Amino acid sequence: MKRYAFSCCLLLASLFLALPCAAARDGVTVAVQGGYQCEYGVDIPFTRSARTSDYTFAIYAGNTPEVQANVTVTTDSPVVVHLPLRYDPAGPSTHTLQVTAHVAAGRQGLDREAALSRTFTTAPTCGCPAGTAGAFYVGDGSEGAPFLVASTDQLQHIGSTAHLQKKSSFLQTGHLDFEGQTVESIGSLNSHFLGHYNGNGYTVSNLNLQNADANGLFGYLQEATIENLGVVGATVPSGGAGGPIAGVAENSTIRRCWTKGCTVSQTTFGGHAGGLVGLLYSSSVVQDCYVQNITATADTDAAGLLGMTGEVGAAVSASNCYVDGMTLSGMSCGATIGCWFAPSGSYPTLYCLDSVSYPLYGRNNQTSGVTGTKVPALTPSYLSGFDFTGVWEMKDGLPRLQVEQPLS
Ligand SMILES: [Zn+2]
(Lines give C-alpha, C1' and ligand atoms only; values in the text may rest on other atoms or scores of the structure.)
Protein backbone atom coordinates (compact mmCIF):
# COMPACT_ATOMS: atom_id res chain seq x y z
CA MET A 1 0.00 0.00 0.00
CA LYS A 2 1.19 3.49 -0.74
CA ARG A 3 2.48 5.24 2.28
CA TYR A 4 2.26 8.86 3.15
CA ALA A 5 4.08 10.94 5.68
CA PHE A 6 2.53 14.02 7.14
CA SER A 7 4.09 16.75 9.22
CA CYS A 8 1.64 18.87 11.16
CA CYS A 9 2.31 22.20 12.87
CA LEU A 10 -0.07 24.36 14.74
CA LEU A 11 -0.99 27.90 13.77
CA LEU A 12 0.92 27.69 10.54
CA ALA A 13 -0.61 24.35 9.76
CA SER A 14 1.19 22.36 7.13
CA LEU A 15 0.50 18.87 5.99
CA PHE A 16 2.47 17.53 3.11
CA LEU A 17 3.33 14.36 1.33
CA ALA A 18 6.74 12.87 1.75
CA LEU A 19 8.43 9.69 0.71
CA PRO A 20 7.99 6.60 2.87
CA CYS A 21 10.53 6.69 5.65
CA ALA A 22 11.91 4.32 8.22
CA ALA A 23 9.52 4.75 11.10
CA ALA A 24 8.36 2.82 14.12
CA ARG A 25 5.15 2.24 16.03
CA ASP A 26 6.89 2.86 19.35
CA GLY A 27 5.69 6.09 20.90
CA VAL A 28 2.29 5.91 19.20
CA THR A 29 -1.07 5.14 20.78
CA VAL A 30 -4.06 4.71 18.48
CA ALA A 31 -7.58 4.58 19.97
CA VAL A 32 -10.08 3.81 17.22
CA GLN A 33 -13.50 5.34 17.81
CA GLY A 34 -16.83 3.51 17.79
CA GLY A 35 -15.46 -0.01 17.91
CA TYR A 36 -14.58 0.06 14.21
CA GLN A 37 -12.55 -3.02 13.28
CA CYS A 38 -10.87 -4.52 10.27
CA GLU A 39 -8.10 -7.08 10.08
CA TYR A 40 -6.28 -4.92 7.57
CA GLY A 41 -5.85 -1.20 7.10
CA VAL A 42 -3.39 1.54 6.20
CA ASP A 43 0.01 2.51 7.59
CA ILE A 44 0.59 6.25 7.67
CA PRO A 45 4.13 7.53 8.28
CA PHE A 46 3.81 10.60 10.47
CA THR A 47 6.00 13.09 12.25
CA ARG A 48 4.36 15.07 14.99
CA SER A 49 4.58 18.77 15.71
CA ALA A 50 6.95 19.59 18.56
CA ARG A 51 4.11 21.52 20.22
CA THR A 52 1.48 18.81 20.63
CA SER A 53 1.11 15.06 21.07
CA ASP A 54 -2.61 14.81 20.41
CA TYR A 55 -4.23 14.25 17.02
CA THR A 56 -7.38 12.92 15.42
CA PHE A 57 -6.96 10.86 12.26
CA ALA A 58 -10.01 10.34 10.07
CA ILE A 59 -10.33 8.55 6.74
CA TYR A 60 -13.22 9.32 4.42
CA ALA A 61 -14.46 7.22 1.51
CA GLY A 62 -17.19 9.82 0.82
CA ASN A 63 -18.55 12.62 2.97
CA THR A 64 -18.72 10.70 6.23
CA PRO A 65 -15.67 9.30 7.98
CA GLU A 66 -15.17 5.56 7.60
CA VAL A 67 -12.82 5.42 10.55
CA GLN A 68 -11.69 7.93 13.17
CA ALA A 69 -9.04 7.50 15.82
CA ASN A 70 -7.52 9.50 18.66
CA VAL A 71 -3.78 9.35 18.12
CA THR A 72 -1.14 10.25 20.69
CA VAL A 73 2.46 10.58 19.57
CA THR A 74 5.05 10.92 22.30
CA THR A 75 8.23 10.96 20.23
CA ASP A 76 9.67 13.52 17.85
CA SER A 77 10.98 10.72 15.62
CA PRO A 78 9.03 9.55 12.53
CA VAL A 79 6.40 6.97 13.43
CA VAL A 80 3.81 4.82 11.68
CA VAL A 81 0.15 5.26 12.53
CA HIS A 82 -1.83 2.16 11.65
CA LEU A 83 -5.57 2.59 11.09
CA PRO A 84 -7.97 -0.26 10.35
CA LEU A 85 -9.80 0.42 7.08
CA ARG A 86 -12.21 -1.81 5.17
CA TYR A 87 -11.07 -0.75 1.73
CA ASP A 88 -11.77 -2.83 -1.37
CA PRO A 89 -9.37 -5.82 -1.46
CA ALA A 90 -10.17 -6.44 -5.15
CA GLY A 91 -8.82 -3.25 -6.69
CA PRO A 92 -7.66 0.33 -6.14
CA SER A 93 -9.81 2.68 -4.12
CA THR A 94 -9.40 6.34 -3.27
CA HIS A 95 -9.82 7.82 0.20
CA THR A 96 -9.19 11.10 1.98
CA LEU A 97 -7.11 11.24 5.14
CA GLN A 98 -7.68 14.16 7.47
CA VAL A 99 -5.34 14.82 10.38
CA THR A 100 -6.38 17.29 13.07
CA ALA A 101 -3.80 18.57 15.57
CA HIS A 102 -5.18 19.53 18.96
CA VAL A 103 -3.84 22.26 21.24
CA ALA A 104 -1.64 20.90 23.99
CA ALA A 105 -2.45 21.52 27.63
CA GLY A 106 -0.91 24.80 28.74
CA ARG A 107 -0.80 26.27 25.22
CA GLN A 108 -4.42 27.42 24.98
CA GLY A 109 -4.41 30.89 23.50
CA LEU A 110 -0.96 30.38 22.01
CA ASP A 111 -1.87 27.74 19.44
CA ARG A 112 -5.07 26.79 17.71
CA GLU A 113 -6.41 23.57 16.31
CA ALA A 114 -5.44 22.87 12.73
CA ALA A 115 -6.43 20.25 10.19
CA LEU A 116 -5.30 19.29 6.74
CA SER A 117 -6.19 16.48 4.41
CA ARG A 118 -4.82 14.52 1.49
CA THR A 119 -6.30 11.92 -0.81
CA PHE A 120 -4.60 8.61 -1.47
CA THR A 121 -5.28 5.59 -3.68
CA THR A 122 -4.52 2.05 -2.56
CA ALA A 123 -1.92 0.20 -4.59
CA PRO A 124 -1.08 -3.51 -5.02
CA THR A 125 0.67 -5.13 -2.07
CA CYS A 126 1.93 -8.12 -4.07
CA GLY A 127 4.75 -6.40 -5.93
CA CYS A 128 2.88 -6.23 -9.23
CA PRO A 129 2.47 -2.83 -10.91
CA ALA A 130 -0.74 -0.86 -10.44
CA GLY A 131 -3.16 -1.86 -13.15
CA THR A 132 -2.12 -5.54 -13.17
CA ALA A 133 -5.27 -7.63 -13.62
CA GLY A 134 -5.99 -9.52 -10.43
CA ALA A 135 -3.21 -7.93 -8.37
CA PHE A 136 -3.66 -8.31 -4.61
CA TYR A 137 -4.42 -5.22 -2.51
CA VAL A 138 -4.35 -6.73 0.98
CA GLY A 139 -1.71 -8.93 2.58
CA ASP A 140 1.89 -9.84 1.91
CA GLY A 141 1.38 -13.57 1.27
CA SER A 142 2.69 -14.67 4.65
CA GLU A 143 0.74 -17.08 6.86
CA GLY A 144 -0.10 -14.20 9.19
CA ALA A 145 -1.12 -11.81 6.40
CA PRO A 146 -2.34 -13.90 3.44
CA PHE A 147 -3.19 -12.21 0.16
CA LEU A 148 -6.95 -11.70 0.11
CA VAL A 149 -8.69 -13.24 -2.92
CA ALA A 150 -11.87 -11.26 -3.56
CA SER A 151 -12.41 -11.62 -7.33
CA THR A 152 -12.13 -14.22 -10.08
CA ASP A 153 -9.25 -12.22 -11.57
CA GLN A 154 -7.39 -12.48 -8.27
CA LEU A 155 -7.95 -16.23 -8.12
CA GLN A 156 -6.47 -16.53 -11.59
CA HIS A 157 -3.59 -14.20 -10.62
CA ILE A 158 -2.34 -16.93 -8.25
CA GLY A 159 -1.39 -18.91 -11.35
CA SER A 160 0.76 -16.10 -12.79
CA THR A 161 4.53 -16.51 -12.78
CA ALA A 162 4.70 -13.69 -10.22
CA HIS A 163 3.01 -15.85 -7.56
CA LEU A 164 2.57 -19.51 -8.55
CA GLN A 165 5.73 -20.85 -6.93
CA LYS A 166 6.32 -18.29 -4.17
CA LYS A 167 4.90 -20.55 -1.42
CA SER A 168 2.49 -17.78 -0.49
CA SER A 169 -0.73 -17.96 1.50
CA PHE A 170 -4.11 -16.89 0.13
CA LEU A 171 -7.47 -16.34 1.80
CA GLN A 172 -10.76 -16.18 -0.13
CA THR A 173 -13.23 -13.52 1.03
CA GLY A 174 -16.48 -14.56 -0.68
CA HIS A 175 -18.10 -16.86 -3.23
CA LEU A 176 -16.57 -16.57 -6.71
CA ASP A 177 -18.49 -17.32 -9.92
CA PHE A 178 -16.70 -17.92 -13.23
CA GLU A 179 -19.92 -18.05 -15.30
CA GLY A 180 -19.13 -17.21 -18.92
CA GLN A 181 -15.35 -17.46 -18.56
CA THR A 182 -12.89 -20.11 -19.70
CA VAL A 183 -10.04 -20.30 -17.23
CA GLU A 184 -6.72 -22.03 -16.74
CA SER A 185 -5.85 -24.45 -13.96
CA ILE A 186 -3.51 -22.99 -11.34
CA GLY A 187 -0.26 -24.91 -11.77
CA SER A 188 0.74 -27.54 -14.31
CA LEU A 189 2.94 -30.60 -14.70
CA ASN A 190 6.04 -28.46 -15.15
CA SER A 191 5.11 -25.57 -12.88
CA HIS A 192 3.50 -26.61 -9.62
CA PHE A 193 1.49 -24.61 -7.08
CA LEU A 194 3.43 -24.64 -3.81
CA GLY A 195 1.34 -22.43 -1.58
CA HIS A 196 -1.50 -22.47 0.91
CA TYR A 197 -5.03 -21.68 -0.26
CA ASN A 198 -7.78 -21.22 2.32
CA GLY A 199 -11.24 -20.98 0.77
CA ASN A 200 -12.58 -19.75 4.11
CA GLY A 201 -15.76 -21.81 3.61
CA TYR A 202 -16.64 -20.20 0.26
CA THR A 203 -17.20 -21.76 -3.16
CA VAL A 204 -15.79 -21.37 -6.65
CA SER A 205 -18.59 -22.05 -9.11
CA ASN A 206 -19.03 -22.59 -12.85
CA LEU A 207 -15.39 -23.23 -13.61
CA ASN A 208 -14.99 -24.04 -17.29
CA LEU A 209 -11.37 -25.11 -17.45
CA GLN A 210 -9.12 -25.12 -20.49
CA ASN A 211 -7.56 -28.43 -21.39
CA ALA A 212 -4.11 -28.84 -19.82
CA ASP A 213 -1.80 -31.65 -18.67
CA ALA A 214 -3.24 -31.59 -15.14
CA ASN A 215 -6.77 -30.31 -14.71
CA GLY A 216 -8.62 -28.86 -11.76
CA LEU A 217 -9.05 -25.51 -10.08
CA PHE A 218 -5.48 -26.36 -9.09
CA GLY A 219 -3.73 -28.31 -11.84
CA TYR A 220 -0.71 -29.63 -9.94
CA LEU A 221 -0.08 -29.28 -6.21
CA GLN A 222 3.28 -29.90 -4.60
CA GLU A 223 3.80 -29.44 -0.86
CA ALA A 224 0.66 -27.33 -0.99
CA THR A 225 -2.38 -27.07 1.27
CA ILE A 226 -5.93 -26.51 0.03
CA GLU A 227 -8.61 -26.18 2.69
CA ASN A 228 -12.13 -24.95 3.44
CA LEU A 229 -13.03 -24.72 -0.24
CA GLY A 230 -16.03 -25.81 -2.33
CA VAL A 231 -16.01 -26.24 -6.11
CA VAL A 232 -19.49 -26.24 -7.64
CA GLY A 233 -20.55 -26.94 -11.23
CA ALA A 234 -17.04 -27.29 -12.66
CA THR A 235 -16.27 -28.72 -16.09
CA VAL A 236 -12.85 -30.39 -16.01
CA PRO A 237 -11.65 -31.34 -19.50
CA SER A 238 -9.54 -34.16 -20.79
CA GLY A 239 -5.81 -34.04 -20.19
CA GLY A 240 -4.45 -36.95 -18.16
CA ALA A 241 -5.37 -36.38 -14.54
CA GLY A 242 -8.34 -34.34 -13.40
CA GLY A 243 -10.44 -33.48 -10.37
CA PRO A 244 -12.42 -30.35 -9.46
CA ILE A 245 -10.10 -29.49 -6.56
CA ALA A 246 -6.84 -30.68 -8.13
CA GLY A 247 -5.62 -32.67 -11.09
CA VAL A 248 -2.54 -33.98 -9.30
CA ALA A 249 -1.56 -33.68 -5.62
CA GLU A 250 2.00 -34.56 -4.62
CA ASN A 251 3.08 -34.27 -0.97
CA SER A 252 0.08 -32.05 -0.42
CA THR A 253 -2.87 -31.71 1.96
CA ILE A 254 -6.51 -31.26 0.98
CA ARG A 255 -8.91 -30.91 3.89
CA ARG A 256 -12.46 -29.69 4.48
CA CYS A 257 -13.12 -29.36 0.74
CA TRP A 258 -16.23 -30.34 -1.22
CA THR A 259 -17.47 -30.57 -4.80
CA LYS A 260 -21.02 -30.52 -6.14
CA GLY A 261 -22.39 -31.19 -9.60
CA CYS A 262 -19.02 -31.35 -11.36
CA THR A 263 -18.13 -33.11 -14.63
CA VAL A 264 -14.63 -34.52 -15.01
CA SER A 265 -13.61 -36.05 -18.32
CA GLN A 266 -10.08 -37.45 -18.70
CA THR A 267 -10.34 -39.46 -21.88
CA THR A 268 -6.78 -39.14 -23.15
CA PHE A 269 -4.68 -42.30 -22.90
CA GLY A 270 -4.18 -43.41 -19.30
CA GLY A 271 -6.41 -40.67 -17.87
CA HIS A 272 -7.53 -40.59 -14.22
CA ALA A 273 -10.69 -38.76 -13.14
CA GLY A 274 -11.84 -38.22 -9.56
CA GLY A 275 -14.61 -36.30 -7.83
CA LEU A 276 -11.98 -34.54 -5.71
CA VAL A 277 -8.54 -35.25 -7.16
CA GLY A 278 -7.34 -37.05 -10.31
CA LEU A 279 -4.06 -38.45 -8.99
CA LEU A 280 -3.04 -38.39 -5.32
CA TYR A 281 0.43 -39.58 -4.39
CA SER A 282 3.62 -39.28 -2.40
CA SER A 283 2.39 -38.86 1.20
CA SER A 284 -0.48 -36.57 0.29
CA VAL A 285 -3.37 -36.26 2.73
CA VAL A 286 -7.08 -35.96 2.00
CA GLN A 287 -9.28 -35.47 5.06
CA ASP A 288 -12.85 -34.37 5.82
CA CYS A 289 -14.06 -33.85 2.24
CA TYR A 290 -17.20 -34.79 0.35
CA VAL A 291 -18.40 -35.13 -3.22
CA GLN A 292 -21.98 -34.80 -4.37
CA ASN A 293 -23.27 -35.70 -7.84
CA ILE A 294 -20.04 -36.27 -9.74
CA THR A 295 -19.86 -37.38 -13.36
CA ALA A 296 -16.39 -38.84 -13.99
CA THR A 297 -15.26 -40.26 -17.32
CA ALA A 298 -11.75 -41.55 -17.96
CA ASP A 299 -9.74 -43.58 -20.40
CA THR A 300 -8.48 -45.61 -17.45
CA ASP A 301 -9.59 -44.80 -13.89
CA ALA A 302 -12.80 -43.04 -12.84
CA ALA A 303 -13.85 -42.59 -9.22
CA GLY A 304 -16.21 -40.77 -6.93
CA LEU A 305 -13.34 -39.37 -4.84
CA LEU A 306 -9.81 -40.17 -6.06
CA GLY A 307 -8.98 -41.26 -9.61
CA MET A 308 -5.73 -42.93 -8.67
CA THR A 309 -3.71 -43.12 -5.46
CA GLY A 310 -0.08 -43.72 -4.64
CA GLU A 311 1.51 -44.66 -7.93
CA VAL A 312 4.78 -43.07 -6.90
CA GLY A 313 6.33 -42.60 -3.48
CA ALA A 314 4.90 -43.28 -0.06
CA ALA A 315 1.29 -44.19 0.57
CA VAL A 316 -1.25 -41.45 0.80
CA SER A 317 -3.68 -40.86 3.64
CA ALA A 318 -7.39 -40.50 2.88
CA SER A 319 -9.93 -40.40 5.69
CA ASN A 320 -13.35 -39.14 6.75
CA CYS A 321 -14.75 -38.46 3.29
CA TYR A 322 -17.94 -39.49 1.51
CA VAL A 323 -19.37 -39.47 -1.99
CA ASP A 324 -23.10 -39.23 -2.66
CA GLY A 325 -24.29 -39.54 -6.25
CA MET A 326 -21.95 -40.56 -9.06
CA THR A 327 -21.94 -41.56 -12.70
CA LEU A 328 -18.66 -43.23 -13.64
CA SER A 329 -17.28 -44.41 -16.95
CA GLY A 330 -13.86 -45.89 -17.70
CA MET A 331 -11.74 -49.04 -17.80
CA SER A 332 -11.71 -49.23 -14.00
CA CYS A 333 -14.42 -47.51 -11.98
CA GLY A 334 -14.43 -47.25 -8.18
CA ALA A 335 -16.93 -45.52 -5.92
CA THR A 336 -14.08 -44.12 -3.79
CA ILE A 337 -10.82 -44.89 -5.67
CA GLY A 338 -10.36 -45.77 -9.34
CA CYS A 339 -6.92 -47.32 -9.14
CA TRP A 340 -5.65 -48.29 -5.69
CA PHE A 341 -1.99 -48.43 -6.53
CA ALA A 342 -0.33 -47.71 -3.20
CA PRO A 343 2.69 -49.37 -1.59
CA SER A 344 0.54 -49.65 1.50
CA GLY A 345 -2.50 -47.93 2.88
CA SER A 346 -5.99 -48.66 4.00
CA TYR A 347 -8.88 -46.24 3.87
CA PRO A 348 -11.85 -47.56 5.85
CA THR A 349 -13.42 -44.14 6.49
CA LEU A 350 -14.21 -43.33 2.84
CA TYR A 351 -17.95 -43.84 2.53
CA CYS A 352 -20.74 -44.28 0.03
CA LEU A 353 -24.23 -45.77 0.19
CA ASP A 354 -24.96 -49.50 0.00
CA SER A 355 -27.09 -48.78 -3.04
CA VAL A 356 -24.07 -47.70 -5.14
CA SER A 357 -23.55 -50.30 -7.86
CA TYR A 358 -19.85 -49.57 -8.44
CA PRO A 359 -17.23 -51.46 -6.41
CA LEU A 360 -15.29 -49.41 -3.86
CA TYR A 361 -12.17 -49.54 -6.06
CA GLY A 362 -11.73 -50.31 -9.73
CA ARG A 363 -8.32 -52.01 -9.77
CA ASN A 364 -5.48 -52.50 -7.33
CA ASN A 365 -2.06 -53.91 -6.61
CA GLN A 366 -2.81 -54.36 -2.94
CA THR A 367 -2.95 -57.58 -0.97
CA SER A 368 -4.64 -56.17 2.11
CA GLY A 369 -6.56 -53.15 3.37
CA VAL A 370 -9.76 -51.53 2.19
CA THR A 371 -10.69 -48.48 0.13
CA GLY A 372 -13.86 -47.60 1.95
CA THR A 373 -17.09 -48.73 3.48
CA LYS A 374 -20.60 -48.93 2.05
CA VAL A 375 -23.28 -47.90 4.55
CA PRO A 376 -27.10 -47.89 4.65
CA ALA A 377 -27.26 -44.15 5.31
CA LEU A 378 -24.85 -41.19 5.41
CA THR A 379 -25.65 -40.35 9.01
CA PRO A 380 -23.50 -40.00 12.12
CA SER A 381 -24.25 -43.48 13.42
CA TYR A 382 -22.72 -45.06 10.30
CA LEU A 383 -19.87 -42.62 9.64
CA SER A 384 -17.28 -43.92 12.05
CA GLY A 385 -14.37 -41.49 12.37
CA PHE A 386 -16.31 -38.35 11.40
CA ASP A 387 -16.05 -35.54 13.96
CA PHE A 388 -19.62 -34.26 14.34
CA THR A 389 -18.54 -31.92 17.12
CA GLY A 390 -15.86 -29.78 15.52
CA VAL A 391 -15.88 -30.51 11.77
CA TRP A 392 -19.17 -31.92 10.45
CA GLU A 393 -22.85 -31.21 11.00
CA MET A 394 -26.05 -32.73 9.61
CA LYS A 395 -27.94 -30.37 7.30
CA ASP A 396 -30.90 -31.28 5.07
CA GLY A 397 -30.26 -34.94 5.87
CA LEU A 398 -26.62 -35.04 4.79
CA PRO A 399 -23.29 -34.39 6.50
CA ARG A 400 -21.97 -30.92 5.72
CA LEU A 401 -18.84 -29.14 6.82
CA GLN A 402 -19.28 -26.57 9.55
CA VAL A 403 -16.99 -24.17 7.67
CA GLU A 404 -19.37 -23.90 4.70
CA GLN A 405 -20.66 -20.36 4.19
CA PRO A 406 -24.26 -19.99 3.00
CA LEU A 407 -24.63 -19.28 -0.70
CA SER A 408 -26.78 -16.19 -0.20
ZN1 LIG B 1 0.62 -9.82 -8.06
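**Exercise 1.** Work out how many residues of strand β18 (residues 246-250) are buried.

*Solution.* Start with the term: a residue is buried if 20 or more other C-beta atoms, placed from the backbone, lie within 10 Å of its own. By that test, 5 of the 5 residues of β18 are buried, so the strand is largely enclosed by the rest of the structure. Strands here are DSSP runs of E with at least two residues, numbered from the N terminus.

A word on the model: it is predicted, so local features need pLDDT of at least 70 and side-chain atom pairs count only at pLDDT 80 or more, while totals for chains, interfaces and linings use all residues. Residues are numbered from 1 along each chain as its sequence is written.

**Exercise 2.** Find the partners of β18.

*Solution.* Two strands pair if DSSP finds at least two bridges between them. First, β14 and β18 are parallel, with 4 bridges; here phenylalanine 218 stands opposite alanine 246. Next, β18 pairs with β22 (residues 277-281), again in the parallel sense over 4 bridges. In this pair, glutamate 250 has tyrosine 281 as its bridge partner.

Key. Buried ≥ 20, exposed ≤ 12 C-beta atoms within 10 Å, placed from the backbone.
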